[in-house]
Amino acid sequence: MRKLITILMMALSLPMLAGIHSYADRSVLAGGSWVKISVAQSGVCRMSFDELRDAGINNPSDVRVFGYGGAQLTQDFTRRKIDDLPQVPVYVGNGYVLFYVQGPISWEWNGSRFAHTRNTYSNLGYYFLTDNVGDKLTPKTGEAISGSPIDVTTFMNLQVHELDTINLVDRSGVAGGGKEFYGEQFSISQKRTFSFTTPNAVNGGKCSIYVDLAAYATATSKFTVIANATDSRTVTINPPATNDNYTFGVTGYTSFTSTNKSNQQQVELQFSNSVSSALGWLNYIELATPCSLRLSGDWMTIRTNTNVGSSTPLKYHLTNATSTTQIWDVTDRAAIIRMPATLSGNELQ
């Protein structure tokens, strides 16, 4: 199997002009034969010719893939919208195909950190496969960028822990209400530890932690957040200003850095309150860990904010690579580019 690395370059949003919305005269799904697949996370999907035939694709080497996956569509109507299904470039190998898929969690640079968005309405993304509609689309080959580059030997490994299980408007789960769901529930003095695997974490580097929380009580609540058993923050959440029937929780958050542990980071949460009936909830933990740019597994996603807002080019130095390793720029998933690279020993530049 060929190994594949995907590179995601984050760019600042640009203001859109009037007339950005267009509508297709006819859906791509209006004709032809189709196979629908679901994906639970973002990454590289590998399907063998046999798997494609079993699914109903008669000519696997001619497969076309359409869809925008599971990322939640923007609710900002001034931004470009997706009307019909966009086509996804497909790499055809020896008896298999590769294509990049988007799961229900997406990441975007917000000016200070990589922040995630979970699709409120679906836990899966969907793609549609055919061999008899449209033309084949393969990743285009990019061109080397001229200029004096910044050498990049690390990247940010982004992870999030988020369970959508409790709605504070209706904790019983019977009537429902609101689109924000929370995960683990805390009673007073309860403690929980969350572990994140981070291969090739930079020794002595600083990981960034963002924790989103909520609590409800008649007295002040406190969450103590401890990272890697060394760095801590306290989140104070005051009770509602007035005793009404419309407040079901008060939110709080903290953002700080901690020194990397070897290949596993830990975040501990402890909830405290003077009122025995007090409750707290974890919404999510975001973790961004600087890791060495070393191939780990069959594929990996690389993100960096090194040149955000700058035209200075970057030169990536990826170790543990082979002659079959590919670099894809997946910033625009409908126009994925296979980047040129030079292999020296086991380092790909």
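Trainee: Is Cys207 buried or exposed?

Mentor: This is a predicted model, in which local features need pLDDT of at least 70, side-chain atom pairs count only at pLDDT 80 or more, and totals for chains, interfaces and linings use all residues. Residues are numbered from 1 along each chain as its sequence is written, and side-chain values use heavy atoms, with hydrogens and water left out. Buried means under 20% relative accessible area, exposed over 50%, partly exposed in between (1.4 Å probe, protein chains only). Cys207 has a relative accessible area of 1%, so Cys207 is buried.

Trainee: How many disulfides does a search of the whole structure find?

Mentor: A disulfide is a pair of cysteine sulfur atoms within 2.5 Å. For Cys207, the closest cysteine sulfur is in Cys291, 9.5 Å away, too far for a bond. Across the whole structure the count is zero.

Trainee: Over which residues is the pLDDT below 50?

Mentor: pLDDT is the predictor's confidence in each residue, from 0 to 100. The protein averages 89, and 93% of the residues score at least 70. Where pLDDT is low, the predicted coordinates should not be read in detail. The stretch below 50 is residues 1-18.

Notes
Contact = heavy atoms within 4.5 Å.
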